[in-house]
Amino acid sequence: MRESSQPLAGLRQRIARLAATGGPASRPAEGWLATGHGAFDSALGGGLAVGRTHEFFAADALDGASAAAFAALLALRGGGDAPLLWLRTVDAGRRTGHIYAPGIAELGGDPDRLLLIETADPKMLLACANDAVRCAGSAAVIVESWGKFPLLDLTAGRRLTLGARDAGTTLLMLRLNAAPTPSVAETRWSIVAAPSRALAADAPGAPAFDLELLRWRGGPAGTRWRLDWDKDEQIFRDTALSGAVLPLAARRAVHPFGAEAA
Amino acid sequence: MPLADARAQVPDLAIVAHDPVLDLHWLDRLAQGCTRYTPLVALDAPDGLILDITGCTHLLGSEAALIDDIDRRLTRLGMTLRHALGPTADAARALARYQTRPAPDEASAIRRLPVAALELDAEATTALVRAGLKTIGDLASRPMANIAARFGADAATALRRLLGDAPSPLDPRVTPPPVATERRFAEPVASMPHATQILAELVGEAIVELAERGKGGRHFRATFFRSDGLARSIEIETGHATRDAGLVMRLFAERMDALRDPLDPGFGFDMMRLAVPRLEALAATQLKLEGGTVRAAHQGAAMAELVDRLATRLGRGRVCKFAAVDTHIPEQAQLALPAIDAAPPTPWPAPDPGEPPLRPFYLFDPPQVIEVIAEVPDGPPHRFRWRRATHAIRRYEGPERIASEWWRRRDNGGLTRDYYRVEDDRGRRYWLFRHGLYDEKPDPRWYIHGLFA
């Protein structure tokens with residue numbers, strides 16, 4: 001195709017060059033944050049890729065604790081003593097509650113690895129997140145935000161993603177009470193609390209999560225999982241069915257490429 | 001009395017040689033101890049201390065309580081104390097040393113002091129007494145010009161200081177920082193980039209001195225003295241001792257950017273000083289021969305630097321690590337400590353295997369009030385209303401009864417809390433409690449204290 005003008009052709013060439021060398025997906029992932037659930041990990045090619053951005057949405061504010069715990073457990077379950085950087089604004093404690101270290105210990109995580117960074121406003125949150133993702137040696141960087149985050153546009157998101165890729169850190173964006181917006185994230189998840197498997201005397205059981213893969217750069221999206229956290233084994237596993245929980249097959253697309261065709 | 005005479009009278013007299021230097025050291029140590037009462041402590045050698053307690057008395061209740069406290073502590077050290085309070089340093093000093101007769105108030109106490117309190121030479125004091133001027137009050141009633149003409153300007157100044165008419169500034173004892181460098185300029189430095197460059201040079205000099213001593217700095221303070229008399233200090237702290245000039249300058253730049261009221265050279269700085277008040281031993285770093293990884297060492301340093309940088313930008317209390325506290329009260333079971341202080345890791349209570357988490361992931365502090373429908377008196381909640389939404393409870397576990405810490409409370413009281421772990425019909429798990437039993441309180445309220453994963 002003949003370009004209408006010389007500058008435009010130059011720009012196109014430049015974009016092609018950039019895409020060939022510097023795109024976020026141009027480098028294979030250095031590793032994966034695995035859940036320990038075989039089907040989940042293999043569906044994603046090993047788990048959530050290290051050195052990329054992953055978004056966790058809790059559309060309803062009440063599911064915030066589930067989304068936050070899922071992100072934290074995913075980052076902490078690898079073991080080791082690399083710190084987990086958790087960035088949030090100061091008013092998040094009043095809104096969603098303070099991060100409670102004994103609760104993390106109860107989930108089998110090590111609260112000593114947690115480094116909590118509280119900023120005054122979302123602008124500073126973004127600035128500190130940029131610094132945090134550029135620092136190698138963390139288990140993951142969790143950036144918790146509330147509601148719409150207009151400052152996190154495509155440019156800001158791409159800057160974060162490039163920083164994370166260069167330093168090899170995993171950025172987990174925790175978007176509470178927010179609807180998905182366009183972004184450069186590798187994966188995007190919707191997380192909802194699921195009814196737990198009842199224990200004796202109908203007591204609430206281990207944490208259960210309903211996950212939906214909303215978007216994935218490396219493959220098809222739309223897959224749903226329902227996972228339980230087993231803190232003794234430090235893995236996620238299928239929610240063991242019991243009479244109180246509906247079977248999942250009806251809701252779950254086993255093969256994302258058209259289950260009807262199979 | 002000569003020593004020989006004293007020995008003749010008391011044969012087993014214990015004798016210690018007088019050592020003025022040791023006395024001065026001891027006085028200095030006492031002065032350092034007195035900084036618990038006020039930062040402004042001045043030495044009045046050889047045997048006195050002057051404390052500026054302006055605005056410090058409320059810490060111990062009252063002036064009398066403060067004096068009692070000083071008296072008690074110094075008596076325990078074997079000291080004998082004469083003390084006095086005065087409106088100025090010189091007045092207080094004279095009252096402590098020369099007051100013999102009680103007086104209704106401070107002003108008349110000063111006027112009743114003997115003229116010796118002026119501490120003129122012996123000849124002048126004798127001359128004053130011979131002239132019939134025995135007290136400060138007698139002297140103050142004469143015209144100041146006559147006193148100056150007869151006994152010299154020093155006498156007049158001493159008198160005016162005692163009466164509070166002339167200022168009697170205190171020369172407080174300050175602990176000099178272990179390492180300090182400074183630069184004075186013949187021509188004031190009016191541009192900030194130039195000032196920053198000079199600060200970098202000062203940091204370089206301080207680092208050389210630190211390296212010679214085998215130390216690293218944890219705390220750096222840069223003071224900018226403006227030519228119009230204002231002085232402004234900027235401080236940074238690091239989590240580990242450092243001798244990295246680049247790091248220190250980056251932190252200073254971070255701090256200056258974060259200033260709400262930016263550093264203004266005005267007509268220029270005529271002096272800059274860099275002090276390192278806090279040092280720690282820092283050996284030269286070297287990788288192990290058997291293959292310490294450069295990457296691991298580098299990553300640890302990068303993380304420490306990130307903590308320093310964020311703590312400098314946000315404030316030291318905004319970058320935290322958690323420490324466990326041994327208590328049953330849930331909201332007191334954790335402490336968020338500044339990460340820059342690098343407390344050793346604390347052991348967290350190990351969870352029971354096979355049990356679901358018994359403590360929430362997010363905790364509300366303070367707990368939030370909810371409306372609950374529950375059986376009276378001890379029944380579990382059935383439904384509750386929180387933030388304008390009603391939640392029907394499907395499953396629950398409880399109560400977990402947590403009593404107040406009556407052994408710590410002055411009234412030996414406090415309400416018992418009954419905690420319930422509940423799950424609503426959409427699978428969300430909450431931590432609710434009833435504050436008080438029905439026999440403790442007629443109508444106990446319910447609160448939500450946390451959210452489980």
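How many nonpolar, polar and charged residues does the lining of the second largest pocket have?

Modeller: Please bear in mind that this is a predicted model. By class, the lining of the second largest pocket comprises 19 nonpolar, six polar and six charged residues. The pocket itself has a volume of about 700 Å³, and 31 residues line it. Those nearest its centre are A:Asp81, A:Pro83, B:His240, B:Met303 and B:Lys321. Turning to the elements involved, β6 (114-119) of chain A supplies at least two residues of this lining, as does each of β5, α12 (294-314), β7 (319-324) and β8 (334-338) of chain B. The largest share, six residues, comes from α12(B).

One of these contributors, β5 of chain B, also belongs to a sheet. That sheet is open and has four strands in the order β3-β6-β4-β5 (chain B), paired in the antiparallel sense. Its edge strands are β3 (179-189) and β5 (231-242) of chain B, each of which pairs on one side only. From one strand to the next, the twist averages 15 degrees. The partner of β5(B) is β4 (residues 215-226) of chain B, and eight bridges join the two in antiparallel fashion. Within this pairing, B:Glu235 in β5(B) stands opposite B:Arg221.

Two helices of chain B pack on the sheet. Helix α10 (residues 192-213) touches β3, β4, β5 and β6 (269-281) of chain B. Helix α11 (residues 245-258) touches β4, β5 and β6 of chain B, and its direction makes about 135 degrees with that of β5(B).

Methods: Residues are numbered from 1 along each chain as its sequence is written. Chains are lettered from A and ligands numbered from 1 in the order in which they are written. This is a predicted model: local features need pLDDT of at least 70, side-chain atom pairs count only at pLDDT 80 or more; totals for chains, interfaces and linings use all residues. Side-chain values use heavy atoms; hydrogens and water are left out. Two strands pair if DSSP finds at least two bridges between them. Axes are lines fitted to C-alpha atoms, for helices over the stretch in contact, and angles run from 0 to 180 degrees between N-to-C directions. Contact means heavy atoms within 4.5 Å. On a 1 Å grid over the protein atoms alone, a cavity is a set of points where a 1.4 Å probe fits but cannot get out, and a pocket is an open set with protein on both sides within 12 Å along at least five of seven lines; lining residues have an atom within 4 Å of a point. Grid points are joined across faces, edges and corners, and a volume is the space filled by probe spheres set on the points. Ala, Val, Leu, Ile, Met, Phe, Trp, Tyr, Cys and Pro count as nonpolar, Asp, Glu, Lys and Arg as charged, and the others, Gly among them, as polar.
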